[in-house]
Amino acid sequence: MIYELRQYTLRPGRRDTLIELFEREFVETQEAAGMRVAGTFRNPDAPDTFPWLRAFPDMPARKAALEAFYGGPVWQANRDAANATMIDSDDVLLLRALAEPPAWERPPVGAAELPPSMYVATICHVEDGFAGFFDSEVAPVLAEAGVPVVARFETEHAENTFPRLPVRTGETVFVWFTRFDTPEEERVVELPMLKARLTVAPQRLRLRPTARSAMR
């Protein structure tokens, strides 16, 4: 599966406006076009952002799905309202799944109860071949500490065939997700073996699922 990890920078105070619009209008309509809205989140450390994750079977399917959705009537009717909440929507990592994220049954439109869980996404800038090192040296340490990896991804270097929506280029990343039942259970596991493999400190995103997130 091909994934996009999208992080929108929003106008101050507009996050809930966008999430309400997104969960009402853009979930089922994107999935009807051939993609899957895997996770939608609030970042408690960055209140004017909207991180979310969507998936496609492969790159040709991605192109077809994006053309169908962004050329379709629902986006056309709601794009001005959505774009009015945003400052920037170009922070997008194009990724290939090495292990798919978990998904639960999504609540219906209008659901308001927030899941109690927290995900943490760790983004590392790496060299080719990092995935094998991670699986053999890092993942077992996380599992032993009670923080198992629930999804992992690496950069998809294929050409972006839907340039209307830019993606980040010229970098190779490895991204892994962990999940905690509650924010109080969140903890950082020391991973000294990473220091020799990374030239830039990892980025750590704390992610609280929205009411209709499939990752819960």
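This is a predicted model: local features need pLDDT of at least 70, side-chain atom pairs count only at pLDDT 80 or more; totals for chains, interfaces and linings use all residues.

Student: Thanks! Where does E67 sit, and is E67 buried, partly exposed or exposed?

Tutor: E67 has its place in helix α2. Its relative accessible area is 40%. Since buried means under 20% and exposed means over 50%, E67 is therefore partly exposed.

Student: And how far is E67 from M35, C-alpha to C-alpha?

Tutor: Along the chain, E67 and M35 are 32 residues apart.

Student: Now to helix packing. How are α1 and α3 oriented to each other?

Tutor: Two packed helices are described by the angle between their axes and the distance between the axes. For α1 (residues 15–32) and α3 (residues 73–83), the axes come within 11 Å and cross at roughly 165°. Angles over 145 degrees count as roughly antiparallel. The two helices, α1 and α3, are therefore roughly antiparallel.

Student: What is the handedness of that crossing, and which residues of α3 take part in the contact?

Tutor: The crossing of α1 past α3 is left-handed. On the α1 side, the contact uses L18, L21, E25, F26 and T29. Their partners in α3 are V74, W75, N78, A81 and A82.

Student: How do the residues of that contact divide into nonpolar, polar and charged?

Tutor: Take the contact of α1 with α3, where L18 and E25 are among the α1 residues and W75 and N78 among those of α3. The residues of this contact divide into seven nonpolar, two polar and one charged.

Student: Why do the buried residues of α3 lie on the same side of the helix?

Tutor: The buried residues of α3 are W75, N78 and A82. They cover an arc of only 100° around the axis, which puts them on the same side of α3. The opposite face, turned away from the buried side, carries the exposed residues P73, A77 and D80.

Student: Let's move on to A158. Which residues does A158 touch, leaving out those up to four places away in sequence?

Tutor: A158 is found in the loop between β6 (149–155) and β7 (173–180). With a relative accessible area of 31%, A158 is partly exposed. Leaving out residues up to four places away in sequence, A158 touches M59 and L94.

Student: Last one: which residues is R179 in contact with, aside from neighbours within four places in sequence?

Tutor: R179 is found in strand β7 and is partly exposed, with a relative accessible area of 26%. Leaving those neighbours aside, its contacts are W104, S117, M118, Y119, P148, V150 and R216.

Terms used. Residues are numbered from 1 along each chain as its sequence is written. Side-chain values use heavy atoms; hydrogens and water are left out. Axes are lines fitted to C-alpha atoms, for helices over the stretch in contact, and angles run from 0 to 180 degrees between N-to-C directions. Helices (H or I, at least four residues) and strands (E, at least two) are DSSP runs, numbered from the N terminus. Angles under 35 degrees count as roughly parallel, over 145 as roughly antiparallel, 65 to 115 as roughly perpendicular and the rest as oblique. A crossing is left-handed if the near helix is turned anticlockwise from the far one by less than a right angle, and right-handed if clockwise. Contact means heavy atoms within 4.5 Å. Ala, Val, Leu, Ile, Met, Phe, Trp, Tyr, Cys and Pro count as nonpolar, Asp, Glu, Lys and Arg as charged, and the others, Gly among them, as polar. Buried means under 20% relative accessible area, exposed over 50%, partly exposed in between (1.4 Å probe, protein chains only). The arc is that of the directions from the helix axis to the C-beta atoms.
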